[in-house]
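Let's take a walk through this one together, a step at a time. Have a look at the picture first, and then read on.

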Amino acid sequence: MEIPYTVEPRKDTGLYNAKVGIWLFLASEVMLFGALFSSYILLRVGADVGEWPRDLLNVPIGTVNTLVLICSSVTVVLGWAALKQNNFAKYRMFQTITVLCAFAFVGIKSFEYYDKFTHYQVITKDGKVYDGHLHSRTAEQVVLQGHEIDASKGKAEGVRKAQKADKHGKEIVIKTSDIQKIGNYGPKHNTYMSIYFTLTGLHALHVIAGALVIAYILWPGARMWKTEPERYANRVEVSGLFWHFVDLVWIFLFPVLYLL
Amino acid sequence: MSLKAFHVVFILASLALCFGMSAWAFWQYSDNESSSQTHLLLGTFCLISGICLGIYGRYFLRKLRDVSYL
């Protein structure tokens, strides 16, 4: 049985079915990310003074990642345009760049995640707070490269001020017997890190899924180009729409998480 | 909405981000407390990126003149 309206538009919608389908799917995605953005805003405005972290994320790295995604959107649309002009070789080149950009984005994001998982905060039994990257950890002691924090105006504000005063900090040796609490900047560290990992992790999953779909259409699925070129071009357009949505989410995520 | 129309929306959002971030970086640079050379470089970089995106947007609209927005 032939699938209807894969190329020609339906009379009632004026669109081919896959395009209606992807927009309905994107509408549900808007609700998913919208709910998380709303949660972020409510948590942000409800946070105590000095407790919401600022300058915790690396803005230049985030900027590079944003540029990588903008480039990937440009190549995805140029690839589709090349296909519309029957230039398959050019399309393949542009889409390969798109997939490489996706991998670059995920690679850079992994580096940022690694940085957070090796960043520790230690509270000692006498109430002192230390913050820095883990140098080494044994049964007897923990060595951090960082700062002692003045937490009188909130721990987050103390970390920010200490990092501003001395970016790299010094080597701090803390005996394990003196430690009351130790933890890295993973999702359970505080509310900000939870929402940061939830939002960026969900977004990264979308990037990986989008890259897999584009790669499938580009390589194993490319046989369709010889038999049904218009339908194939429509598939490329639909994958491009999803890719643009994923990139647009990042355009909003980046300033909210990194700059505000 | 076609990929062409969505791309125009995306480019407009990216332009807003580039110029907004450039303004943020220059504002940080002018602020005595948080001023650093990184902010100056970042502001310049975002400004140039924004201008390049604007030029690309015009090129894109001209290139896909015959493709529908639907």
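A residue is called buried when its relative accessible area is under 20%, and exposed when that value is over 50%. Keep that in mind, and remember that what you see is a predicted model.

Start with chain B. By the buried cut-off, 43% of its 70 residues are tucked away. Its secondary structure is quick to describe: two helices and zero strands. The radius of gyration of chain B is 16 Å, well over the 11 Å that the globule rule gives for 70 residues, so the chain is more spread out than a compact globule. You can see that in the C-alpha trace too, which spans about 50 × 20 × 10 Å along its principal axes. As for how chain B touches itself, take the contacts between residues at least 6 apart in sequence: 63% of these join residues at least 24 apart.

Now bring in the partner. The size of an interface is often given as the accessible area lost when the parts come together. Here, about 2600 Å² is buried between chain B and chain A, and carbon and sulfur atoms give 82% of that. On the chain B side, the residues that lose the most area to chain A are B:L3, B:F6 and B:F10, which together account for 28% of what that side buries.

Salt bridges do turn up in the model, though: the count over all chains is six. Side chains of opposite charge can pair when their charged atoms come close. One of these pairs is A:D12 with A:R10, with the closest N and O atoms 2.8 Å apart. A:D12 is exposed, at 58% relative accessible area, and A:R10 counts as partly exposed at 29%.

Another salt bridge joins A:D55 to A:R160, with 3.1 Å between the closest N and O atoms. A:D55 sits in the loop between helix 1 (17–46) and helix 2 (59–84) of chain A, and A:R160 is in helix 4 (residues 155–165) of chain A, so the pair ties together parts that are 105 residues apart in sequence.

The side chains of A:E112 and A:K109 meet in a salt bridge at 2.9 Å, N to O. These two are three residues apart in helix 3 of chain A, which puts about one helical turn between them. A:E112 is buried, at 6% relative accessible area, and A:K109 is buried too, at 2%.

Stay on helix 3 (residues 88–117) of chain A for one last stop, A:Q95. A:Q95 is buried, with a relative accessible area of 1%. Leaving aside neighbours within four places in sequence, A:Q95 is in contact with A:T75, A:V76, A:I214, A:L218 and A:V236.

Conventions: Residues are numbered from 1 along each chain as its sequence is written. Chains are lettered from A and ligands numbered from 1 in the order in which they are written. This is a predicted model: local features need pLDDT of at least 70, side-chain atom pairs count only at pLDDT 80 or more; totals for chains, interfaces and linings use all residues. Side-chain values use heavy atoms; hydrogens and water are left out. Buried area is the accessible area (1.4 Å probe) that two parts lose on being put together, summed over both. Helices (H or I, at least four residues) and strands (E, at least two) are DSSP runs, numbered from the N terminus. The radius of gyration is taken over C-alpha atoms; the globule rule is 2.2 Å times the number of residues to the power 0.38. Buried means under 20% relative accessible area, exposed over 50%, partly exposed in between (1.4 Å probe, protein chains only). Contact means heavy atoms within 4.5 Å. A salt bridge is a side-chain nitrogen of Lys or Arg within 4 Å of a carboxyl oxygen of Asp or Glu.
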